[in-house]
2 protein chains.
Amino acid sequence: MPVTPADVKAVIENYVKAWGSDDRALLLSLFAVDATWEDPVGTDAHVGPEGVGKFWDFAHEGDSRTLTPKPIRIVACANEGILNFTMEVRSNDGRQGMDLEVTDHFVINDEGKIQTARAFWDESSFSQPDGLEPLG
Amino acid sequence: MPVTPADVKAVIENYVKAWGSDDRALLLSLFAVDATWEDPVGTDAHVGPEGVGKFWDFAHEGDSRTLTPKPIRIVACANEGILNFTMEVRSNDGRQGMDLEVTDHFVINDEGKIQTARAFWDESSFSQPDGLEPLG
């Protein structure tokens, strides 16, 4: 049975929670075993929980960074959803940082798992937060 | 040859211009002959210039409304693009109105035309502008 827009919103809220609480296991649990994740769109997809996990580790640069998503808007249409958010990337010592504005598009399968995730951002999506140095 | 992100941005800017200047012919010229347009995602697609034109007429309710898109962010990735915007819908007498926040996703074909357009919005995307009555 197809999922509902309410189901889609719940998955997206858990996706935000996983990043914001540094919960790698929660993030991986949201993806289908054959999920694909393009980040950004136009690059090779990460596939399945193994690919998603590797991308998580890459983004955290060996646990030296925190990534906190600040949601701007969540929209659900049938079994698809959009998450507009700013990803606040910070070094663990709090001295360096970068903000990245992202539009994520998700397709949720009948089991309530993310089947495809596609992140839209380009060179215009970056900004340097006041008072922080650029990420090294 | 695939289009570039700069081409994608130019198409999206023309899309905004067509709505904002009430230019139906310009809008139609941006779509492929076999384009599909879902608005919102999850409903039946409008197909080709004929379908797009009918949807334009429906949205303008027989020329009794103006629809002005206020872009928030345009992103281009390879031959795809995202337009986050607020559509300001107003009655021609200026007394009634509604704002609708939309995330549009476009795929641009090798000829630089919109192949697919998909508009994401739901019941949480509407707001009532100050000082205006609800649309009749």
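This is a predicted model: local features need pLDDT of at least 70, side-chain atom pairs count only at pLDDT 80 or more; totals for chains, interfaces and linings use all residues.
Across all chains, the structure holds 18 aromatic pairs (ring centres of Phe, Tyr or Trp, with the six-membered ring for Trp, within 6.5 Å; planes under 30 degrees apart are stacked, over 60 edge-to-face, the rest tilted). Start by selecting A:Phe31 and A:Trp37: their ring centres lie 5.3 Å apart with planes at 15 degrees, so this pair is stacked.

Residues are numbered from 1 along each chain as its sequence is written, chains are lettered from A and ligands numbered from 1 in the order written, and side-chain values use heavy atoms, without hydrogens and water.

A:Trp37 and A:Phe55 are both buried (under 20% relative accessible area, 1.4 Å probe, protein chains only). To see the whole cluster linked by ring pairs, select A:Tyr15, A:Trp19, A:Phe31, A:Trp37, A:Phe55, A:Trp56, A:Phe58 and A:Phe106.

Next, show both chains. Their contact (heavy atoms within 4.5 Å) takes 23 residues from chain A and 23 residues from chain B.

Finish with A:Glu101 and B:Arg73, whose side chains meet in a salt bridge at 3.3 Å, N to O (a side-chain nitrogen of Lys or Arg within 4 Å of a carboxyl oxygen of Asp or Glu). Between chain B and chain A the count is six salt bridges.

Definitions and conventions: Buried means under 20% relative accessible area, exposed over 50%, partly exposed in between (1.4 Å probe, protein chains only).
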